[in-house]
Amino acid sequence: MRPRMRVAAVLAVVALAAAPAAAQIFTDMSNHPARRAAERLAAKGIVTRLPDGRLAPDEPLNRLDLALFLARTIGAPTASVRIPDFKDIDQIPSADRPLVAAATTLGTVSARKVEVKRGQVLYTLTVNKTSYAPDEQIKLTFTIANVGPGRETEILPSDRGRTRIRLTERDGAKVGYEGELYVEKKTAQGVEREKVARIRIVEVRADSSILEVVEEGSVAIRPGLKVFYLQDVFFDYSTSQFHDFIVRDVEGNEMARWSLGRPFVPVDRPWPLAANHSLKYETLWRQLDQNDQPVKPGRYELVAMHITKENPTTLVIGFQRGVISAYPDNTFRPRQSVTRAELATVIVRAVGLEAEAVRRANDRLVVADAGDIPAEARGSVVVAIDRKIVPALSDNTFRPGRTATRGEAIFALNVLMETLDRYDYTIGTLRELRGGPPPILVVENASKQIIQHRVAAVSAIYRNDQPVLLLQLRPGDQLKMLKPSDAGLIMYVEATGR
């Protein structure tokens, strides 16, 4: 090796050895069980170091901290958010007010999907996300599907070349009825339906029915074949308005309605829904009322309706505008501490599990102080314990009225990040490690592209689940890396290797 090259190599090793990237991100988290969660959150810009390098995990969690954490975790944009007129707005640092405003107007849903089964018709209402920025559109999808289950029957020997099936009037068969014959096939993903034929009943006998094959499927018709028969369904409507979307507040006041201003005409015949087919309707709600004004923080219902003449079907998904709310006197109280029950309630809502919390409000709680949990928080605590969002304490108590700590918030936020799939890891194979400052990881991705990544001065590095120095990474190691933005410096690395 030439002298100049030898000196450069030595300097690179010295630079790597001296790089503070080998140190933990927070100086007071060495033995804390939330250490790696805190480091992942720090790498995504959710939590930051205090001026002295601490996270202060054992200090009380206040409402300002929780609001800031939530707004960052959900990724709420703040550019167009109006600063609220809280009576105590002066107690919130001016730099933090946009994030607090976003947190108090962030929208979350009680569930991503709800279903109702009526006979052979399955109704489904879905939304496209769990949480929404204040001015973000909510996509509602309403599906009406004729899914069965079909009636199990059998193909019989043909009659003068006509297909015959073991189906009679006792089974509901009538001349003119149409439907689909299918078989079920088990796969690794579950049970799938394979079409035999689309058919029309042309004759009903005492022991069988004669069919007309309207359309052949992928499975050949043959005597002895066991099939399922799923009949078309018919809906009676008064007009050509078959569905509607409505947004209303908890008092039943309508905020928005899809059908307003739309023309509809009378209909005079039933409309069919073919077997194994569905109708799908979609709309976008901009979180505005009928006058195009943003709806206020509070609880709302997102409603989809199938408007038949009799027994219309309605599905509802709850919507909460404001993950963390102001008090009735229009104060925010940023320095007020957050209890463990409040932390459970807020994070369960943010994760989109509020409907489950309502449903499980009467479930048995296994903690010793179950009787101390307020009725309004019980369902959220059940879910928080079960999902390890806010776990029970080591003495098998929950202590709902005890002040939550910043470390407990870290656990909860980590679950929220994972649920929202916001840990966008960069994955690749380490090819080379170069000295800095800043140090550089040369990584090959799955497309065989070589990309250089700068490593932040304060970072967390793990190899085979053990904290290591940056220079202990080896070429060939498989890397998962986090950084706050596409162009940001790597702050968190998980490496696996021999």
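Let's start with the largest pocket: its volume is about 710 Å³. This is a predicted model, where local features need pLDDT of at least 70, side-chain atom pairs count only at pLDDT 80 or more, and totals for chains, interfaces and linings use all residues. Residues are numbered from 1 along each chain as its sequence is written, and side-chain values use heavy atoms, without hydrogens or water.

What is a pocket here? On a 1 Å grid over the protein atoms alone, a pocket is an open set of points where a 1.4 Å probe fits, with protein on both sides within 12 Å along at least five of seven lines. Lining residues have an atom within 4 Å of a point. The volume is the space filled by probe spheres set on the points, which are joined across faces, edges and corners.

Now the lining. It has 27 residues, and R82, T105, V295, K296 and P297 lie nearest the centre. Two elements give two or more residues each: helix α4 (97-105) and strand β18 (313-321). Helices (H or I, at least four residues) and strands (E, at least two) are DSSP runs, numbered from the N terminus. The most comes from α4, with three residues.

Next, the backbone. Most residues other than glycine have a negative phi, and most peptide bonds are trans. The bond from G148 to P149 is cis, with omega near 15 degrees. P149 sits in the loop between β5 (138-146) and β6 (151-159).

Last, R160. Its phi is positive, near 55 degrees. R160 is in the loop between β6 and β7 (162-165). Buried or exposed? R160 counts as exposed, at 70% relative accessibility; exposed means over 50% and buried under 20%, with a 1.4 Å probe and protein chains only.
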